[in-house]
Structure formats: structure tokens, C-alpha cells
Amino acid sequence: MELNSDPDRLFPVDPRTREIARGLYASVAELPIISPHGHVDPRMLLDDEPFQNPTELLLRYDHYVTRLLHASGLGLNELGVPDRSGTAPTAEPREAWRNFCANWHLFAGTASGYWFRHEFTELFGIAEQPDAANADRLYDTISDVLSRPSFRPRALFADFGIEVLATTDDPMDDLAAHAALAADPTFTGRVTPTFRPDAYVNPANPAFIGNVERLAAWNGTAVDDYAGYIAALEARRRHFVEHGAFSADHGVLQPLTLDLDADTAAALYARAVRGQLSADEAAVFQGHMLLESARMSVDDGLVMTIHPGVFRNHSEPTFDAFGADTGHDVPVRTEYVENLRPLLRRYGNVPDFHLVLFSVDETSYSREIAPLAGFYQSLYIGAPWWFLDAPDAVQRFRSAVTETAGFYRSSGFIDDTRAFLSIPARHDMARRLDSAFLARLVAEGRLDEPMAQKIAVDLVDALPRKVFKL
């Protein structure tokens, strides 16, 4: 069967509205990509080595893909994912690719299927649907492309038109890869770190005690010294700022913020480093530290982003066998109004503090996030994320937030991806969908076309620059 990319994909079916969408999209299609939040490894760009093979590049690390194949009966080891023990049989890359191609039909209608179609047709020149019969031929076609100098990471960075790419990094990372990229005259792109302190501020995280011990040793303070702990986090944030960081990201189950006095916080911390907190007490300390993180952002200028609402590692047997980020994280209902009130009471209208709220709970957009962003000067609405960065969900997002908060209280698109090759596909999808949404408003007489044109460009360019202080 033929595989192609329709030039009018994602545009409205109505001829008049489609024509408006085409014009709006044409004005943004070639604009540079600004990617202020993602998970690409900076060492990939530093080393600039050829990608290994189609499975390593497109399949093994993409939990959007492996989760759906797993649900249909394929073991993760059959997709090239080794177990933690290293003893279980693991499919060779070509065998794993065959398993994927034989089940290509599973991705019909999914966001992953849409991105794959873009990558296959636009990057690899593939014009046939994957299946069991052509799996080896497609593997060889992609492998041939991967061997070309024009397909090295740095060449693709330039070809994709990426202007800014933010990574996500451990607070104790020395950021040597970022420093080397910034000092390399042969690389002109901007790759910046992002401070991600989750495992240093959540006592329920299994790595918490070991992490705060490392942090204290680096800072030269006792591990149970709360003031030293806070000072060390502030110092590590400064280290990130010195290496070009513009944001700090926080992944939490619920966006709980609590205003504790210093003595109470210090007592909780002293018990946390000894592993003596109950689950409820750990949540209280993490809520206090989320508020402290906002205070730090007010002080050092890092944009604060919050990604809440995901139950991590839902399948205990899978986590035990294969570890984290293997496809079994699941969204949960999320509450923002009460949880964020202590933070917003203090910092909601502080000049130059920027707080970007994300959600994987669609019900929160119109009920909570858009109304909050429609009042608080510091608060911006993050783009649809993770399970929601899909065509229909993006359109629902625009409908849910625009009537309350407009376009200019949103962050612009954020790809949040580990899959480097999907970056242009994801940003192109967002530009097409925003063009389609704006075209409908024009066709319905709710917006004039020159204003729609301005908004389309601002969503891609001006808004992410403003929200992330670029």
C-alpha cells in the first residue's frame, strides 16, 4: 500500500476554511523551531556520530510506540528493550524492526502513526506502508540514509531549522556537554540545559537520600543541614544559569504547594534524609519545596514549568524487569486551584516571574488552568503534553482555553520529546492545527484574517520567546 503525506493534512474539510488555513500555514511553515522543553541528549549533538540503526533511533526508546505494541501482545524484549538483569533474550535490531512493521496497522489514527508518516515520507523517502513483507527492505533503506554525512545529528539540527533546543538535566550534572557545544565554533545552534530537581526535592523518590548526600558533599555541608540544602540547590541553579539555562522543570503527581515555616521544613528535612517520613509527610515536604522552587525562580529568573498528573511506573512487574520510561506511565486527575493557591498568593503577580502549567487532564483546561491564566500575570498555559500532543486533543485544547484566556496566555508549542527525528513532525503538526483553528474563526466571522495571520506567527515565534525569556 502507498504511503504519502497529504499537503493539506490536518486542515479543515470545508473548501473555504481549508483555503484560509493554507494561507495561514504558509506564513509559519518555514519559521525556525523553538523547542524550550525536551529530552534530547546533548551528547548526541556533541559527538555527532551516525545513528546506529532504525530500531535504536525510532523504536527502542520511544515509549509512545513500545507501549501500544506491548498492549497488543509483544514483550518489550521483542522490541529490542533489554531487561535489567541482562540475561533475558532480547530481539536483535532487525528482528525488533520486523515486529514493528508487522504491526504497523496498530498506529493508524494515533499521534505516533502521524509522526512516523511524516518521518518516513519526508526524511527517508519511503512511499509504502510498512508490513511484514517489506520490513527488511525498509530497514535497509533507512540504514542507508543513516550512513550519510547529511544525516548526522548536527546536519539535521540545521536542516530542521532548530534555533533553540532545551534539554532536561540532573541538578548535579556538570553540563560539560553543553559547555563544549557552546565553545565549539563549528556548531552554531543554541542548546541549553534545564534544571530538573524532582529526585532532590521529593523524599518519596527512591534516589532522594543518595542525591541529597551528593548535593551536601558538593556543598561542603552536613546532609541533614536544611539551610545548607537550600543553599546548595540555589548554587546548582546558578551553575545552570551560567551555562545558558532559562527554565527549571518540575514533575509532580499533584501541583501541591505548601507554605511551611523554616523550623517545620527543617525538621521534616532532617527526618527525610534518614528515611523516616510517612507518605503524607513526604508529600507535605515536596509541596513546600515546590513553593521554595518558585521563590528561587523569582530570585534567579528561571522560568518555572510544572508537569503534573502522571502516575509513574504503573506496572510494577514491568518496572522491576525493565525500569522506568518503558510505557506504563498513566495520567491521573489533577487539581490546580487549591493546590497552587499558596504559590499564586505569593508570586502570582510578581513581575518577571513566569510559571507555565501543563496538564494531561483535559478537564482541567477550561475549568482551572485557563481561568487562572486569565487573571494571574505570572501564569501561562503550557501546550498539550504527552498523551495530549495529538491532533484532536490539540484542537480540543485550543477550544477549551481560548474563549477564557485568549491566545496570548499560552506558551506556544512544546514538543517534549526524546525522539530527535520527530521534532520537525511535531512542530509542523502544531502549526497546521493552529492554522486550522484560526481559519475556522475567520470563516465564522469571529476573527479577521490579518489578526489570524499575526496570531499564527506569534504562536510559533513571539510567544515562546516571551514566555521562556528568549
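Predicted model: local features only at pLDDT ≥ 70, side-chain atom pairs only at ≥ 80, totals over all residues.

Residues are numbered from 1 along each chain as its sequence is written, and side-chain values use heavy atoms, with hydrogens and water left out.

The structure holds 5 cavities of 30 Å³ or more. A cavity here is a set of points, on a 1 Å grid over the protein atoms alone, where a 1.4 Å probe fits but cannot get out; its lining residues have an atom within 4 Å of a point. Grid points are joined across faces, edges and corners, and a volume is the space filled by probe spheres set on the points.

The largest cavity has a volume of about 210 Å³. Its lining is made of 21 residues, and those nearest the centre are Gly412, Phe413, Ala430, Asp434 and Leu459. Helix 18 (391-405), helix 19 (423-443) and helix 20 (449-460) each supply at least two lining residues; helices (H or I, at least four residues) and strands (E, at least two) are DSSP runs, numbered from the N terminus. Helix 19 gives the most, with 5 residues. By class, 13 of the lining residues are nonpolar, 5 polar and 3 charged, where Ala, Val, Leu, Ile, Met, Phe, Trp, Tyr, Cys and Pro count as nonpolar, Asp, Glu, Lys and Arg as charged, and the others, Gly among them, as polar.

The second largest cavity has a volume of about 80 Å³. Helix 3 (54-59) and helix 6 (111-123) each supply at least two residues of its lining, and helix 6 gives the most, with 4 residues. Among the residues that line this cavity are Leu57, Asp62, Trp115, Glu119 and Leu421. The lining has 7 nonpolar, 2 polar and 2 charged residues.

Now to strand 5 (residues 303-308). Because 6 of its 6 residues are buried, strand 5 is largely enclosed by the rest of the structure; buried means under 20% relative accessible area (1.4 Å probe, protein chains only). Val303, Thr305 and His307 point one way from the strand, while Met304, Ile306 and Pro308 point the other way.

Strand 5 pairs with strand 4 (residues 247-252) in the parallel sense over 6 bridges; two strands pair if DSSP finds at least two bridges between them. In this pairing, Gly251 has His307 as its bridge partner. Strand 5 also runs parallel to strand 8 (residues 355-357), joined by 3 bridges, and the bridge partner of Met304 in strand 8 is Leu355.

Note on methods
1 Å grid on protein atoms, 1.4 Å probe; cavity = no way out; pocket = protein on both sides within 12 Å on 5 of 7 lines; lining within 4 Å. Buried < 20%, exposed > 50% of the residue type's maximum accessible area, 1.4 Å probe, protein only.
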